[in-house]
Amino acid sequence: MQYDEKRLTRIVATDCGSTTTKAILIEWVDGEYRQTIRGEAPTTVEAPLNDVTKGVINATQELEELARLKYNNPNIKFMENGEFVIPRQGDVGVDAYVSTSSAGGGLQMMVTGVVASMTGESAERAALGAGAIVMDLIASNDKRMNHEKIERIRQLRPDMILMAGGEDGGTVKHVVEMAELVSGADPRPRLGAGYKLPVIYAGNKEAQENIKETLKDKVELIMTDNIRPKLETENLGPARDKIHDLFMEHVMQQAPGYDKLMKWTMGPDHKNVPIMPTPAAVGNIMQTIAKDESIEVMGVDIGGATTDVFSVFTEEFVFNRTVSANLGMSYSISNVLASAGLENIMRWVPFDINESELRNMIKNKMIRPTTIPSLLEELVLEQAIAKEALRLALEQHKQFASSLKGMQRQRDISEAFSQSTSGATIVDMMTLDLLVGSGGVLSHAPRRNQTAMMLIDAFLPEGITRLAVDSIFMMPHLGVLSEISTKAATEVFRKDCMVYLGSCVAPVGRGKIGKKALHAKIELPDGKVFEEEIPYGEVRLIPLGVGEVAKATLKTSGGLILDEEKNKELHIDLHGGVVGIVLDTRGRRPFGIPTEKQQRIEYLKKWMREFDAYPETILV
Amino acid sequence: MAQAYSAGLTVTESIFLKKERLLPLKGSVLVKKGDKVKAEDVVAETLLPGKVVPFNLANKLGVTPAQLATFIKVEPGQQITKKTVLAENKGLFGLGILKNTVHSPVDGEVESISAVTGQVLLREPRIPVQVKAFLDGVVTEVIPEEGVVIENKSAYIQGIFGVGDETVGELKMLATSPHEDLDINKIDESCRDKVIVAGAFVRFEVIDAARKHGVKAIITGGIDDQDIKKLLGYDIGVAITGHEKIGLTIVCTEGFGKIDMAQKTFDLLKRFDGKKTSIHGRTQIRAGVIRPEIVIPLDFEETELQSQEESLPVLEPGTLIRVIRQPHFGQIAKVTGLPEQLTKVQSETLVRILEAEFEDGTKISLPRANVEVIASTT
């Protein structure tokens with residue numbers, strides 16, 4: 001249901017996170033939708049308050065107070081007697097209240113399939129796309145013994161299970177066997193001892209009766225269309241919808257205070273607007289924007305415990321989301337060290353540090369996650385760790401966001417010698433138009449230039465890419481808002497959600513340090529012209545403000561290319577931002593970073609100086 | 001007066017504690033309200049469902065799943081032993097020649113039989129699980145079928161990080177100062193079954209010696225990240241600990257690296273040298289934070305037990321704080337001011353800071369997020 005600006009003039013949207021409930025106010029001001037005020041309060045889903053609505057009330061009260069100050073109007077209020085007044089009547093009330101939630105650990109699921117890389121992966125994709133954390137994928141061929149699988153299912157205590165397996169009309173034996181394992185494990189839900197665990201079956205239709213027979217007494221069984229009716233077709237929609245329904249009906253109902261919150265979320269005509277899992281809402285807004293502007297988008301949200309990567313690629317606007325559950329900047333920071341290795345972290349550090357000192361520093365950050373790097377050296381180290389966490393999260397995302405595996409493909413002669421296979425990633429950094437970062441280490445970096453540098457070093461965007469940060473992580477709010485007003489969501493996304501950092505130009509290919517790489521002529525709006533023959537292995541930063549556009553003539557040397565059509569010369573408009581235009585000739589595929597320590601430190605210092613990332617004191 | 005709330009670990013010579021002791025599944029509670037219990041007493045017990053053993057009977061018998069029904073000798077719910085025949089075929093021409101008989105691989109119960117896969121699920125006997133009181137105290141509430149609430153008065157210390165589960169032993173001071181790097185020669189048979197206290201640091205070799213001498217737990221200021229890795233055989237990626245089976249429990253009061261134990265913590269432990277101590281290393285740093293605990297029960301009258309308002313530690317001028325991040329990590333200072341405005345620190349981060357003074361009179365300012373309260377003025 002969509003409403004227009006006559007019916008929606010003031011909206012409150014909240015995102016109830018595990019620790020903080022963030023509220024924003026969106027208003028129709030001077031002929032456009034703007035996000036005008038934001039407030040936050042601790043989430044109150046746990047003891048002693050045990051009621052999520054308390055945090056919502058507190059965050060909304062902050063909005064009310066700030067609105068009164070902003071408009072110098074003491075009569076403004078959004079709630080009366082602890083509930084929203086809907087629709088708005090003058091100064092009192094709002095036209096809609098919407099919310100997302102990841103409180104209480106979000107939606108935690110286990111998925112099963114027959115072949116891990118086929119039906120298993122489809123099930124995982126459906127669950128992740130619906131905003132879940134996938135605790136484990138159990139498949140017939142995952143090499144664990146059956147009794148180990150049963151033990152694992154029993155230990156996990158998910159909020160729900162999604163079962164896939166087999167194409168329609170295919171063999172039923174394997175998928176029934178998996179159901180037997182689930183039945184044997186007799187799994188219990190994480191929240192609420194008094195209800196049966198919801199299990200969605202989205203596998204071979206022919207097996208439905210057998211599955212019912214096996215599971216009906218043990219779990220709350222829900223049947224839906226096969227997620228992989230044929231090997232070459234993936235049908236995630238019905239399973240995703242069922243996950244959302246069950247999330248509302250079962251999981252949310254069990255969380256303290258959600259029964260009340262679910263009744264609060266509504267549009268101006270009191271029609272209910274379902275609460276969305278936070279990541280599902282992010283997916284929603286990213287797809288909306290990608291379609292609206294016909295672009296490819298990638299977003300990353302790096303938190304204390306996990307890193308989420310979202311992307312919309314290809315002409316069909318295929319959305320993918322991955323959660324790197326153990327890559328984060330506080331709770332999981334030691335795991336970044338374990339996964340990336342010390343050497344990979346140190347390659348971003350322009351000074352020497354004792355290894356055991358660094359290891360203990362990282363562990364101390366893990367056990368005291370709220371501390372702040374007060375020393376410059378510690379900031380540089382944390383940002384080096386962030387680059388590796390982001391790099392690993394992207395690697396996982398690339399692997400996961402792929403075309404369907406297991407398909408027979410007919411190839412024409414032009415493809416006969418290419419490497420493309422079924423299951424190849426659809427993530428193409430060369431065609432990516434917009435890269436958006438979010439999460440503490442990116443949003444709260446003391447200098448935005450550091451944010452740009454972290455995004456570029458970790459993600460290695462290719463060709464021409466715009467960079468931005470969602471500084472207060474407003475995407476969840478806008479995702480659920482788009483359910484009632486796409487117009488409001490997209491307008492606010494463009495005007496208030498994104499802080500554009502600028503554009504990155506990175507020619508792709510191999511080169512030699514010091515040899516000619518990129519000739520750039522950039523005509524800036526103030527009439528000045530930047531022109532330089534930039535050698536390979538360098539970085540240049542050209543300031544260009546938010547909303548400004550520069551005309552660029554780019555010409556590469558030595559086999560480097562600038563876009564997917566392998567052009568070596570481009571005449572294009574480059575968009576500015578709070579950082580500006582970054583010209584990066586350090587190469588891609590491979591990215592060149594010296595291996596010898598002294599030389600590496602020398603180069604790092606040079607690049608960081610060009611980026612204006614850190615004070616000179618640490619670069620001398 | 002300027003003040004702010006701050007994170008902090010509790011270190012106190014006397015506190016009324018209230019602990020829920022719950023079963024993982026419903027079962028029976030063995031004590032009643034008002035009972036006085038010892039830490040070692042079992043307060044509730046239950047039987048966990050036994051392990052499920054999947055067993056492909058059709059394959060073993062050499063028949064198709066659909067044929068299995070003809071040969072099966074058991075039914076779901078039936079109790080079985082390793083001697084029970086699960087299925088048996090009739091042999092060649094039905095004459096018993098080369099007859100195939102399949103016995104149960106386990107004792108227990110038949111859970112289910114599938115005609116689709118030919119698989120039977122067998123469940124091993126139930127596993128008894130007991131919950132102990134963990135601390136000497138009084139049962140103040142019984143939650144029927146689930147567990148109890150135990151209350152007592154204790155000296156109480158929260159650690160910052162630990163490994164290993166709940167254990168109980170007598171407290172034994174080994175270090176003579178909070179700066180001590182514990183000497184391996186201090187570990188001997190007199191440490192058996194004790195909870196030993198080190199100073200600033202305890203090395204792997206010392207921990208290993210303690211293990212060999214049957215030490216129950218070690219309390220230390222700091223520990224090296226690589227020693228923990230050696231001890232566990234793996235690197236701790238995320239901070240969820242307490243389940244490790246390494247032969248003893250370790251609780252760090254300060255953090256990783258060689259860090260002096262806070263004088264207050266050290267003095268408190270010293271005062272209770274020789275007393276019975278309950279301790280666990282469980283740590284979870286996320287919503288619903290769990291920190292390791294050291295509990296030394298004190299004598300008390302039941303009438304003393306009353307619910308207390310939980311309050312957050314307050315930062316205000318005069319508050320004693322400990323710095324929990326570089327620079328000055330581990331040092332103690334007294335708050336002298338809490339400026340309102342955001343201030344840029346060396347890393348250029350804009351933060352709320354506090355001003356403080358070290359014992360030697362040196363003045364510093366640092367982010368409020370990088371300190372913890374040791375003692376308020378109130």
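Two residues are taken to be in contact if their C-beta atoms, placed from the backbone, lie within 7 Å. The legends below concern a predicted model.

Figure 1. Chain A is divided into domain 1, residues 106-254, and domain 2, residues 297-405 + 424-618. Taken over C-alpha atoms, the centres of these two domains of chain A are separated by 36 Å.

**Figure 2. The buried face of helix H5 of chain A.** Helix H5 of chain A spans residues 208-215, and its residues Asn210(A), Ile211(A), Thr214(A) and Leu215(A) are buried. Viewed down the axis of H5(A), the buried residues fall within an arc of 115 degrees, and therefore they line one face of the helix.

**Figure 3. Two cis peptide bonds in chain A.** Most residues other than glycine have a negative phi, and most peptide bonds are trans. A cis bond joins Ile86(A) to Pro87(A), with omega of about -5 degrees. Pro87(A) belongs to the loop that runs between strand E5 (83-84) and strand E6 (96-101) of chain A. A cis bond also leads from Arg589(A) to Pro590(A), where omega is near 5 degrees. Pro590(A) is placed in the loop between strand E24 (580-584) and helix H17 (597-611) of chain A.

**Figure 4. Positive phi at Lys566(A) and at Asp612(A).** Lys566(A) is not a glycine, yet its phi is positive, at about 65 degrees. This residue, Lys566(A), sits in the loop between strand E22 (549-556) and strand E23 (569-575) of chain A. Lys566(A) counts as exposed because it has 12 C-beta neighbours inside 10 Å, and a residue is exposed if that number is 12 or fewer. Asp612(A), likewise a residue other than glycine, has a positive phi near 55 degrees. Asp612(A) lies in the segment that follows H17 of chain A. Asp612(A) has 18 C-beta neighbours inside 10 Å and therefore counts as partly exposed.

**Figure 5. The side of chain B that touches chain A.** The contact draws 44 residues from chain B and 45 residues from chain A. On the side of chain B, at least two residues each are supplied by strand E6 (52-56), strand E10 (108-113), strand E11 (119-123), helix H4 (225-232), strand E20 (249-256) and strand E29 (363-367). Of the elements of chain B, E6(B) gives the most to this side, with three residues. By class, the side of chain B that touches chain A holds 22 nonpolar, 14 polar and eight charged residues.

**Figure 6. The domains of chain B.** Chain B is divided into domain 1 (52-123), domain 2 (160-291) and domain 3 (314-375). The centres of domain 1 of chain B and domain 2 of chain B, taken over C-alpha atoms, are separated by 52 Å.

Notes:
Residues are numbered from 1 along each chain as its sequence is written. Chains are lettered from A and ligands numbered from 1 in the order in which they are written. This is a predicted model: local features need pLDDT of at least 70, side-chain atom pairs count only at pLDDT 80 or more; totals for chains, interfaces and linings use all residues. A residue is buried if 20 or more other C-beta atoms lie within 10 Å of its own, exposed if 12 or fewer, and partly exposed in between; C-beta atoms are placed from the backbone. Helices (H or I, at least four residues) and strands (E, at least two) are DSSP runs, numbered from the N terminus. The arc is that of the directions from the helix axis to the C-beta atoms. Ala, Val, Leu, Ile, Met, Phe, Trp, Tyr, Cys and Pro count as nonpolar, Asp, Glu, Lys and Arg as charged, and the others, Gly among them, as polar. Domain bounds come from an automatic or database domain assignment.
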